[in-house]
Amino acid sequence: MSRMEKIRIDDLSFAYGKRTILNRVEARFMENTITAITGPSGQGKSSFLMVLNRLWETIPGAHVTGRVNIRFDGEFRDIHHRSMPLTRLRRTVGMVFQTPNPLPMSVAGNVAFPLKLAGTGKRKNTEERVEKALSRVHLWDEVKDRLKDDARKLSGGQQQRLCMARALVFEPEILLLDEPASSLDAKAAAGIEDLMLELKNTCTLIVVSHSMDQVRRTADRVLTLESGELHGCESS
Amino acid sequence: MKPFFFISAVISACVSVCIVLFMIILGLPLFREGLFFSMLTSPWNPSNGVFGLYPMIIGTLGISSLALVFGFPLSLGTAALISGLAPKPLAAVLRKTVQAMTGIPTVVYGFIGVFLLVPLIRNLAGEGSGMCILSSALLLSVLISPTMILTFSDTFDQVPVKTRMAATALGATPVQTFLWVVLPASKKGLVTGLILGMGRAMGDTLIALMISGNAIAVPDSLFSPARTLTAHIALVIASDFDSPEFKTLFACGLVLYGFTALSTLAVRAIDTVFRSES
Amino acid sequence: MSRRWIERGFTVFAFAAAGILMAVTMVLTGYLVMKGWNSLGLELVFGTTRPMDALCLRRPVLDGLFPAVAGTFALVALSVSIALPLGIGTGIFMSEFASGALKRMFSLFYDILAGSPSIVVGLFGFSISIFLHRYVSGQLYPCLLISALSLAFLVLPYLIRSTQTALENLPPEVRLTALALGASPVQNLFYVLIPRSLPGILSGVVLSIGRCAEDTAVIMLTGVAASAGLPRSVFGNYEALPFHIYTVSSQYMDSAELATGYGASILLFGVTSSLFLFSFIIKNIATARTAVSGPGL
Ligand SMILES: Nc1ncnc2c1ncn2[C@@H]1O[C@H](COP(=O)(O)OP(=O)(O)O)[C@@H](O)[C@H]1O
Ligand SMILES: [Mg+2]
């Protein structure tokens, strides 16, 4: 199967102040694939993900040079270019953080939050989309009676899936997952793996993972981040 | 060493208790004659021997609520800029300026008010001296804003970076993050800031004394002069020891103490309510 | 969609609010500086007397702010030295030794004291002087000592709270390290805890100095006088900068006297705002030291 490129990274460097995290990285990511990123902790895997949706800009002292191009509607665009609308970028590039970070509002409120931001959706439509997103992460049955509860009352694993659902409401084209299984038990982790394989049909996934088993079962390709460099190797 | 610390703590606590105790003791004649509570609702009419505090209570409440009406929006907007809406350098400059504003002495505000604001208001009203509840409320709103701004922005800053990041990653702009995430999580801080602001406004003496006109009458417009409880104390203290006015001092003090103690209790109650909720 | 408009509207509102507040502050301070700039100088403080003569008390200053400056200085020194041991001692007690109902009750008392308007604290000072006059000595009237005592009560809660928070915010490891090495609780307190929380405590002290210097309501009730001259004894009247400003505004005779009002305002403003800024800077250092950094993803 011939796939199209989705992300092109050229000469990308990233630093916190004087401390270099990524040093002139080159990389390509194909559409509808899962790329796993591994490497010792503290090497900058999370930081790398934050470059792809420009979240790094919120961190004081962080700076980036180089080009990250993402294909929007068949056309590559530099995400750091002035003409790139931030909201569009962040809606296209969904992200789930390493530790679950539900917003201080209800379960339904969390999932509906992106819709609220976009100012789209009549109430009825919103409910449908919330249900659909929660069903995709296999959370709907567990929370359908507690939609009005504070999201912070859910268990860690439920919160993690809630955050995934939240990232999925807008059908992102790229999904960044930062150690998605780290706060889950084995069964829930297996659920996430199935979900990742499902999502592959519509998304380009980049997943930070330490679990070699998980990587083997899901990833099309594994990259290792170490000393500021990304080394690649094809797998399976 | 421990006994020394304990004794200091006891002395400090005694000070707080003695303040109210002394006022009660010195105001005792009023209680004995059963005058205290009727004073709170009766007018000031010395020729008939009636020394009610009603006009001063209304003056205090009127001026300070008006100051809050002006000061709250100013403070909310500024605090929002400081904690998230404004670009970093602007936010830093704003915060520094507000911190510096807390250092402007009240008497200096009053002094500038007398020579700058009062003539302006006099021209605006077209009559009277310009010393009125509007002038003092305007100036007070500037005085209490830093207190409220710093309380608000402290609460806003307590929303974890992690939570803000979550919103940002979902495509929220700074103003969206503020309005839909930070603000709803900061109700407690907003109420606390408001009460603190009200407390400062009610407790201020110099601005009221210098530019509210000090007439003892219930104000009937923004341009009427009024006297606050605090100004009343400052003005009456110079009078004769045995005069009937003099006795009203301690009643004034008690009412003021009551107001502020109530707001302190309210702040604490809010604290417990919100803590039990989360 | 209306939510869009709320968001736009709020942005405009926030900038307008901050703009108005900043503009008003600039106008107020700008007006003061413009009007008072010319009166600034040694002459403002010392009048026609030679500064050295005044400072060595060889000659009285009749036409300058020197007595008021000296009065404020004496007042601040006296009240801070009363409040300091009491406030810091109480703060230490609250953070290190108090617990349960006693701690809750004490902290309620201190909170109420912190919320009490300065005129009420002044009235308390005044009541003390009535009490002393009646039952101790008929010679006692409101005076420098009573003022200093009342001001000490006024700033007591700031000192207590800053000491208590500084100590309570120390990370738990710091608390345990010396104890694990065999230090007694008191040694731990003096060798580790207090030194580590010094910036926090200090910021409270500086803030208190500022409050003592600027407060007018308390001293109006407890012994300040318009032309008392230099403070001679703690049992006598004295002059003070803030009170001078107040009297000038209400009963100035001529433009020369008015000018000293502007000058005194700038002087007092300069002193208190540098103190307050200084206190904030120390506090920022203190929080930066204990803060945990990074977004912690
Ligand atoms: N906000 C920040 N400011 C400065 N340095 C940071 C910040 N966040 C992370 N770092 C540093 O950058 C390095 C990479 O962090 P991170 O991307 O979280 O690594 P990983 O996800 O691979 O464990 C770490 O050594 C960390 O100390
Ligand atoms: Mg990481």
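Me: How many residue pairs are in polar contact between chain B and chain A, taking both at pLDDT 80 or more?
Reply: In this predicted model, the count between chain B and chain A is 3 residue pairs in polar contact, with both residues at pLDDT 80 or more.

Me: OK, switching to chain C and chain B: what do they bury between them?
Reply: Chain C and chain B bury about 7,100 Å² between them, and 82% of that area is on carbon and sulfur atoms. In terms of residues, 85 of chain C are in contact with 83 of chain B.

Me: How many salt bridges there, and which residues form a salt bridge?
Reply: The count between chain C and chain B is 1 salt bridge, which Arg268(B) forms with Asp111(C), their closest N and O atoms being 3.0 Å apart. Across the interface of chain C and chain B there are also 12 residue pairs in polar contact, both residues of each pair being at pLDDT 80 or more.

Me: Which part of chain C gives the most to the side that touches chain B?
Reply: That is helix α1 (residues 2–36) of chain C, with 22 residues. By class, the side of chain C that touches chain B has 61 nonpolar, 16 polar and 8 charged residues.

Me: How does α1(C) cross α4(B), and at what angle?
Reply: The axes of α1(C) and of helix α4 (residues 54–85) of chain B come within 7 Å and cross at roughly 110°, which makes α4(B) roughly perpendicular to α1(C).

Me: Which residues meet there?
Reply: From α4(B) they include Pro73(B), Leu74(B), Leu76(B) and Gly77(B), and among those they meet in α1(C) are Phe10(C), Phe13(C), Ala14(C) and Phe15(C). The residues of this contact of α4(B) with α1(C) divide into 14 nonpolar, 2 polar and no charged.

Me: What's the secondary structure of chain C as a whole?
Reply: Chain C comes to 13 helices and 0 strands, and its C-alpha trace spans about 65 × 65 × 35 Å along the principal axes.

Me: Back to salt bridges, how many over all chains?
Reply: A search of the whole structure finds 25 salt bridges over all chains. One of them is in chain A, where Arg71(A) pairs with Glu31(A), the closest N and O atoms being 2.7 Å apart.

Me: Where do Arg71(A) and Glu31(A) lie, and what does the pair tie together?
Reply: Arg71(A) lies in strand β4 (residues 62–72) of chain A, whereas Glu31(A) is in the loop between β2 (19–30) and β3 (34–38) of chain A, so the pair ties together parts that are 40 residues apart in sequence.

Conventions: Residues numbered from 1 in each chain as written. Chains lettered and ligands numbered in written order. Predicted model: local features only at pLDDT ≥ 70, side-chain atom pairs only at ≥ 80, totals over all residues. Heavy atoms only, no water. Contact = heavy atoms within 4.5 Å. Buried area = accessible area lost by both parts, 1.4 Å probe. Salt bridge = Lys/Arg side-chain N within 4 Å of Asp/Glu carboxyl O. Polar contact = N/O pair within 3.5 Å; in protein donor to acceptor, adjacent residues only side chain to side chain. Helix = DSSP H or I, 4+ residues; strand = E, 2+ residues; numbered from the N terminus. Nonpolar A, V, L, I, M, F, W, Y, C, P; charged D, E, K, R; others polar. Axes fitted to C-alpha atoms, helices over the stretch in contact; angles between N-to-C directions. Parallel < 35°, antiparallel > 145°, perpendicular 65-115°, else oblique.
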